[in-house]
Amino acid sequence: MMTTTAARSPWSEVERSPIADETWLEGELSPHRIADDIARPLENRPTAGWWASLAASVAALALGVGMVTYQIAVGIGVWGLNNAVGWAFDITNFVFWIGIGHAGTLISAILLLFRQSWRTSVNRSAEAMTIFAVMCAAMFPLIHMGRPWLAFWVLPYPNGRGPLWVNFRSPLLWDVFAINTYLIVSAVFWFLGMIPDFALLRDRSSGITRSIYNALSFGWNGSARTWSRYETLTMVLAGLATPLVISVHSIVSMDFATSLLPGWHTTLFPPYFVAGAVFSGFGMVTLLLIIARSAMRLHSYITVKHLDRMACIMLFTGSLVGFSYLTELFAAWYGENLYEQATFVNRLTGPYGWAFWTMFACNVIVPQTLWLRRVRRTPAILAIVALLVNVGMWFERFVIIVTSLHHAYLPSGWAMYKPTVVEVGTLIGSFGLFFTCFLLFIRFLPMIAIWEVSGMAGSHNGAAVLDAVKSARAQGSTVVDVYTPYPVHALDKALGLPRSRLPLVAFAAGAAGAAGAMGFQVWASAFDWPLDVGGKPLNSALAFVPITFEITILLAALAVTGAFFWRCRLFPGATATRGQTRSMDGFVLALRVPDQSAASRRRRGWRHGVGVLLCLAVWQSGCRGDARVRAYEYMPDMARSVPYDSFAANPVTRNGQTLQTPPPGTIARGFLPLGYQATAADAVRAGQELRSPIAATDETRHEGRRLFETFCAVCHGVNGDGDGPLVPKIPNPPAYSSTAVRMLPAGHLFHVITYGSGRMPSYASQLTREERWKIVAHVQELQLRGSPR
Amino acid sequence: MNETRSLATWPRSQAAAFGVALAGMAAALVALAADPVRAWSHLLLDTFYLLSVSLAALLFVAIQFLSAARWSACLRRIPEALMATLPAAAVLMLSLTVMRGVIAPSRHNEPVASSAKAFYLSMPFMAARAAVVLGVWVWLASLVRRTSLVEDADGGSIHHQRIKRYSAIAVVAFAITFSIASVDWLMSLDAHWVSTLFAVYLFGGLMVHGVAAVTFVAAVLHSSDRASFVTKEHLHDLGRLLFGFSTFWAYLWFSQYLLIWYGNIPEEAGHYATRTSAAWLPLFWTNLIVNWVVPFVVLLPRATKRDPRVLIGIASTVLAGRWLDLYLVILPETTARPQFGLVEVATALGAAGLLIGFTMRALAAAPLVPANDPFLAASLEHST
């Protein structure tokens, strides 16, 4: 896309040196030839090799599906996990596949920002690999949940449990947002890149294939206005995807780094994981493209120079990974932390040491061969290096996860881990899924970006187009639009097109996303239902940053893409309108454009109406006029209780009731039986056996007096003379100073209060035992007072 | 072409710069006698600052060659000039390492438990490592500079390939030596604290330091008639790099802070507990604002990245912010609370004088445009 314009500076006499000119494609390739070459696998029958590979992949996928079905039906016990090693193959595979996905975004986004034109041959397949790899990766957190059918509980939706919000401070939740954002934004980027190619394929095909490509191409017509906005959009998305790809694997690394486990808790993890992800991703992309270029005869497009560049990136990131290993080892020694040192000694020399050294050989030693130009430029050798890199990176995640867990702080918690057939089968199944998707991709979709490669090969046509525009204007015609099969540099300036405002849309949506995400997390965690999690402050702004970041990127990307489609009037089923021809491999200047706006607006209105009706229908099904009738509930959660209600009927019990009478001898919690009956003999016995358990302090005496005057004085009188205000209505209670009562021991008095005596009822339900003893103490004081009757 | 050869050598400006540098040195010596810990800490800060910018300039050239970048070919003399301070800074750093054994500036004086580590951190071994590391840096920088100047005279592509080879060596050697140096000179100020990200964090700061310095000089040259080859296109790309690297620095700042905060392990968390305590907290947040928030917000629109005045402003902000970042790395380990007085100003001005003086001298010593660079034509016609 970067063609040179006429020299504008006084340095025009400077010669161009031979090494400055780099052509990336081999041979004389016209855009027409390019389209033919790349569309050939789509338009012809697949080869036997393709069928054989597909059969193998589908078999592996079927194995995986079987294993996962069995595991979900029976439970995670069919895996080899135990109390010590709670994460093993599941999370190793998760991180492995997410890492593989990073190459695509790096090639598409970062290399675009760095203007590396060699990316155009490899970006489409790399982006596809990203999507498939992220799909494979996302499978693992889903199946490693005990109840995957409740997976939607990780989303913060207003539920019937409080609403109980998710734990925003957990990196496991940051993963949910990061992986989903990554999947969506990568898919958008990938699909967007294919729209011009769908238009080209639409124009080359007929019948049902044509209508499929037509629907997929959204009415693309190669208009310069659209291309201009498209390039702005791509730049904005690249600018958003770059921090996204770095953030995703950083967040994945924080699953480990935020813990306290030696070997996991280390600040280097975020950039180390990102470097490792790019490394493994490029390993997979290089390997697959070496195979694909041979199988599909694309040597002119994916040249040795491309492989060289990818090998250089592998060398660089592999060196970063190796350097990280050395840093960790040094820090373990320097930090003088015994547990950290023990972890690393165990990693290198313990029972899983073979895994460590495999990893070291594959990730540190093997990539150093890439210093040699010979290795970088021989596809067969490079493929082996790439394969070993993938093996090494799988083992790296295994080493990090399993060796740290199996040999943690306490020796009593050490355990070995052995994968079961189910886990190995699931891993094979994930490869099956990946390769099946990839094989289908190369069969049905253009695996090289036709318009991007054409743009590179046909860059000399750009000058001719610009001249045509200039001469048309010079003759007085108005050039309304130019239809090109690929973007022509500086055409937007020649047509006087204004700078697109799409970046503003991205900024506004991103800012709204940032404010909304941070605000919501703060509200949910610190105000709506504050929960102390791990002692973290309720308003943990630091911990809310990752999700805020992801939502910013997601909303910005979706908004700017939506704005682009809306602004360019592109949507599924739109009809492409352009000049005289409908072919995408020519250049057309439009000097007059018929008025199509009314018809398309009508058509659009109809579609809008359907959408609104659908929403209304869904909404209505949830509402009913009569509040007594239950409408359709979308998310009943726990509003309908699964356990039996206390007063409902019960088919299981003998008497058909849920609530049962307690069996005889049941006592209330916290109650201790006294062991007496309410008889006079037992009162005497209590007097002999019981002693007051409370100390005779001023406080207890004061309290005893207060209680006596509250509960007892109404009959017994304030001084215990049996002359309380109730007395004329009930016969006299005996005075405490009378001979009968005066010598009664404390235990006897306690018994009387507890069980009653004669007309006096039991006061056990009104007074705790301690209170009764306090009253007894006061009564004994009153016994000593007063004169005998 | 002849215009660049007659670029004035700014003799008066150079003299002024070196004069300030000498005055700063004198003041530093006085301060060393009066308040050795504070003076030593600031000398360390400023020397590391100088090393940071000159190493970053070396890396700028190295990355440009390794990635076969065309757009920056005509700007190559700017980072080459910024490398010129390296030998002086190296001598300073070596002296400071030796002085450290005498002054014992660190506030953390509990002895280390392991004797191997005590030996590792002992002055003779530290000084030996420093000498090797600094020697490697000076050697690599002079190699690159000399070959660059020879290319002007000879032409041909052989020198370009040579510099490319030196660049590969430089990048690998830098990774190893800079990590050792970061641990030795800065992390060991608290001998009981370790963070595996520390060297990478300082590397992030170093990269943005270099880009800011190159941007500053390029924007100044753009405004001057005699360097019309520096166009808005180049400034745009430098602005993008400044934007990107300041965000990269913020990413590293955040990663280290979040992970240590989250784990809340006493041996680690003390580092941030100090820096977020009442005395240091305002500077802690100012650091983030100056080094990331301001460049991010100001450089986000396209127009500002192409405006030389904005770029000079933001580059200066970042250059000041780098000082603040290093201040927060070093001073909480040697002093109880932030102080700002004559010592700070004198040493900073002295270092600035050295940097400006050596850079101007190097810019004047060679043609501003590397005439025989194979990518020169593409660079001059660059449009973005």
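This is a predicted model: local features need pLDDT of at least 70, side-chain atom pairs count only at pLDDT 80 or more; totals for chains, interfaces and linings use all residues.
Colleague: Let's start with chain A. What is it built from, and how much of it counts as buried?

Modeller: Chain A has 25 helices and two strands. Of its 789 residues, 50% count as buried. The accessible surface of chain A comes to about 37,700 Å², and carbon and sulfur atoms account for 64% of that.

Colleague: Why is A:Tyr339 called partly exposed?

Modeller: Its relative accessible area is 44%. Buried means under 20% and exposed means over 50%, so A:Tyr339, at 44%, falls in between.

Colleague: And what makes the nonpolar surface patch with A:Tyr339 in it?

Modeller: Five residues make it: A:Leu260, A:Leu338, A:Tyr339, A:Tyr409 and A:Leu410, giving about 550 Å². A:Tyr339 sits in helix H10, which covers residues 338–349 of chain A.

Colleague: Now cysteines. How many disulfides does the structure hold?

Modeller: Zero, over all chains. Take A:Cys712: it is in no disulfide, and the nearest cysteine sulfur belongs to A:Cys715, 9.0 Å away.

Colleague: Why does A:Cys712 count as buried?

Modeller: Its relative accessibility is 13%. The cut-off for buried is under 20%, so A:Cys712 qualifies.

Colleague: On to the interface. How many residues does each chain bring to the contact, and what area is buried between chain B and chain A?

Modeller: Chain B brings 61 residues and chain A brings 54. The buried area is about 4,700 Å², with 68% of it from carbon and sulfur atoms. On the chain B side, B:Thr196, B:Leu259 and B:Tyr262 supply 17% of the area that chain B buries against chain A, more than any other three residues.

Colleague: What makes the pair B:Asp237 and A:Arg115 a salt bridge?

Modeller: Their closest N and O atoms are 2.6 Å apart. The limit is 4 Å between a side-chain nitrogen of Lys or Arg and a carboxyl oxygen of Asp or Glu, so B:Asp237 and A:Arg115 meet it. The count between chain B and chain A is two salt bridges.

Methods
Residues are numbered from 1 along each chain as its sequence is written. Chains are lettered from A and ligands numbered from 1 in the order in which they are written. Side-chain values use heavy atoms; hydrogens and water are left out. Patches are made of residues with over 30% relative accessible area and no salt bridge: like charges are joined within 9 Å, nonpolar side chains (Val, Leu, Ile, Met, Phe, Trp, Tyr) within 5 Å. Accessible areas come from the Shrake-Rupley method with a 1.4 Å probe; for residues, only the protein chains shown count as cover. Helices (H or I, at least four residues) and strands (E, at least two) are DSSP runs, numbered from the N terminus. Buried means under 20% relative accessible area, exposed over 50%, partly exposed in between (1.4 Å probe, protein chains only). A disulfide is a pair of cysteine sulfur atoms within 2.5 Å. Contact means heavy atoms within 4.5 Å. Buried area is the accessible area (1.4 Å probe) that two parts lose on being put together, summed over both.
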